[in-house]
Amino acid sequence: TLGERVNAMLREHEKDFFLAYKTHMYSVQKQFKALKAKADEEEKKTRQDVKIQSLEKELEWFMNESLRLDDLCKGYKKDVDKWKAKAEALDEDRRFLEDQIKGAKRQNKVLRAAVERAQVSAQSALALQDDTSPRSPGLPALADRPRSSEDNRRLVTQSQMEPVRSRSALALRDGPLGTCAKEQR
């Protein structure tokens, strides 16, 4: 019958319509998922780009800071080397001056001993001279009166001063450390 045919045809068209609708909705859903995935990916890229930019800025800052600190380090190293050289030079000067002082003390000791020997020799020579020369009854003997250092210097004879002079001349020529002072200079 005609009603049955129309109903069958309507059911068939309804089936085709639902099938077409499902297919269309599936493709729309598929496109929606693809667009959503693409939007998420773009957002992720944007976030990564911001992070990458931030990291690149940090990297640049660290590189500049590294160069600045390297320059500072080189400057400080030069200062340290300069001060170390000054300290070594001062230490060397100190050791040299200590040696000079020790040598001068030794030389002073030797010269004092030589002066003492010369004074003793002069006094003994005076005593000998006084014993051998006749005394005037009105004048006191030279040995009886107090002597000044000027008198002692006059009384030392040329022959008694010769060994002292030769040692003094050597000491003045060579310096307080003797020939070692020449080698160190």
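This is a predicted model: local features need pLDDT of at least 70, side-chain atom pairs count only at pLDDT 80 or more; totals for chains, interfaces and linings use all residues.

Biologist: OK, which residues in α1 are buried?

Modeller: Q100, G103, Q107, A114, A118, A122, L126 and D130.

Biologist: And how far does α1 reach from its first C-alpha to its last?

Modeller: It has 131 residues and reaches 189 Å, close to the 195 Å expected at 1.5 Å a residue.

Biologist: Switching topic: what makes the nonpolar surface patch?

Modeller: F17, F18, Y21, M25 and V28 make it, and the patch comes to about 500 Å². F17 sits in helix α1, which covers residues 2-132.

Biologist: Is F17 buried or exposed?

Modeller: Exposed, because its relative accessible area is 56%. Y21 has 45%, so that one counts as partly exposed.

Biologist: How many aromatic pairs turn up in the whole structure?

Modeller: The search finds 3. In one of them, F17 and Y21 have ring centres 6.5 Å apart and planes at 20°, so the pair is stacked. These two are 4 residues apart in helix α1, which means about one helical turn separates them. Then there's W61 with F62: centres 5.0 Å apart and planes at 75°, so that pair is edge-to-face.

Biologist: Which residues do ring pairs link into a cluster?

Modeller: F17, F18 and Y21.

Biologist: Last one: what lies over the face of W83?

Modeller: K86 does, at 4.5 Å from the ring centre.

How values were computed
Residues are numbered from 1 along each chain as its sequence is written. Side-chain values use heavy atoms; hydrogens and water are left out. Patches are made of residues with over 30% relative accessible area and no salt bridge: like charges are joined within 9 Å, nonpolar side chains (Val, Leu, Ile, Met, Phe, Trp, Tyr) within 5 Å. Accessible areas come from the Shrake-Rupley method with a 1.4 Å probe; for residues, only the protein chains shown count as cover. A salt bridge is a side-chain nitrogen of Lys or Arg within 4 Å of a carboxyl oxygen of Asp or Glu. Buried means under 20% relative accessible area, exposed over 50%, partly exposed in between (1.4 Å probe, protein chains only). The expected span of a helix is 1.5 Å times one less than its number of residues. Rings of Phe, Tyr and Trp (its six-membered ring) pair if their centres lie within 6.5 Å; planes under 30 degrees apart count as stacked, over 60 as edge-to-face and the rest as tilted. A charge sits over a ring if NZ of Lys or CZ of Arg is within 6 Å of the ring centre and within 35 degrees of the ring normal.
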